[in-house]
Amino acid sequence: MSTSGSTYGDIHRYEPARESTAAAIAIVLLTLLEIVFVFMFTWGLVSGWGLTADGNMFLGGLLAIVFIDLAFILALYRKEFLPDVMVVKKRRRKWEDLYIRGDQADGEELEGAGVWDQIKRAVYPYYKR
């Protein structure tokens, strides 16, 4: 589904997620595997495996496996269960990300009672625009 709207915030393209059963089963199995590896890491940490050189390397390997497994779970979830949405965004020139106008490329001096408003404009250039 796509729309022809070109105003800021309009949804340009929306494709629903596939939501396949095979991906759901894979996520459940990877989650069970994640629980096993987290339990092994916790057991090794409490048992003092990290006090020896080999045990410390084993715990590091387990921790790496935990995060790699989590990355696969999140990648599968993102690919199979989140919709693909393209939103129309406002196009800006390079200098507009930092400054309000092109002539302010060298910045401004902080002075007077309005210093806090100047800091707000420096952090967020489209403040009160």
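1. Basis. The model is predicted: local features require pLDDT of at least 70 and side-chain atom pairs pLDDT 80 or more, while totals for chains, interfaces and linings use all residues. Residues are numbered from 1 along each chain as its sequence is written, and side-chain values use heavy atoms, without hydrogens and water.

2. Helix pair. Helix α1 spans residues 21-47 and helix α2 residues 53-81 (helices are DSSP runs of H or I, at least four residues, strands runs of E, at least two, numbered from the N terminus). Their axes come within 9 Å and cross at roughly 160 degrees, and the two helices are therefore roughly antiparallel (angles over 145 degrees).

3. Salt bridge. The structure holds 1 salt bridge (a side-chain nitrogen of Lys or Arg within 4 Å of a carboxyl oxygen of Asp or Glu). Glu 80 and Arg 18 form this contact at 3.8 Å, N to O. The pair links helix α2 with the loop between β1 and α1, 62 residues apart. Glu 80 is buried at 9% relative accessible area, whereas Arg 18 is exposed at 55% (buried is under 20%, exposed over 50%, partly exposed in between, with a 1.4 Å probe and protein chains only).

4. Loop proline. Pro 16 lies in the loop between β1 (11-15) and α1 and is exposed at 62% relative accessible area. Its C-alpha atom is separated by 4.6 Å from that of Pro 83, 67 residues apart along the chain.

5. Exposed leucine. Leu 29 lies in helix α1 and is exposed, with a relative accessible area of 53%.

Conventions:
Axes fitted to C-alpha atoms, helices over the stretch in contact; angles between N-to-C directions. Parallel < 35°, antiparallel > 145°, perpendicular 65-115°, else oblique.
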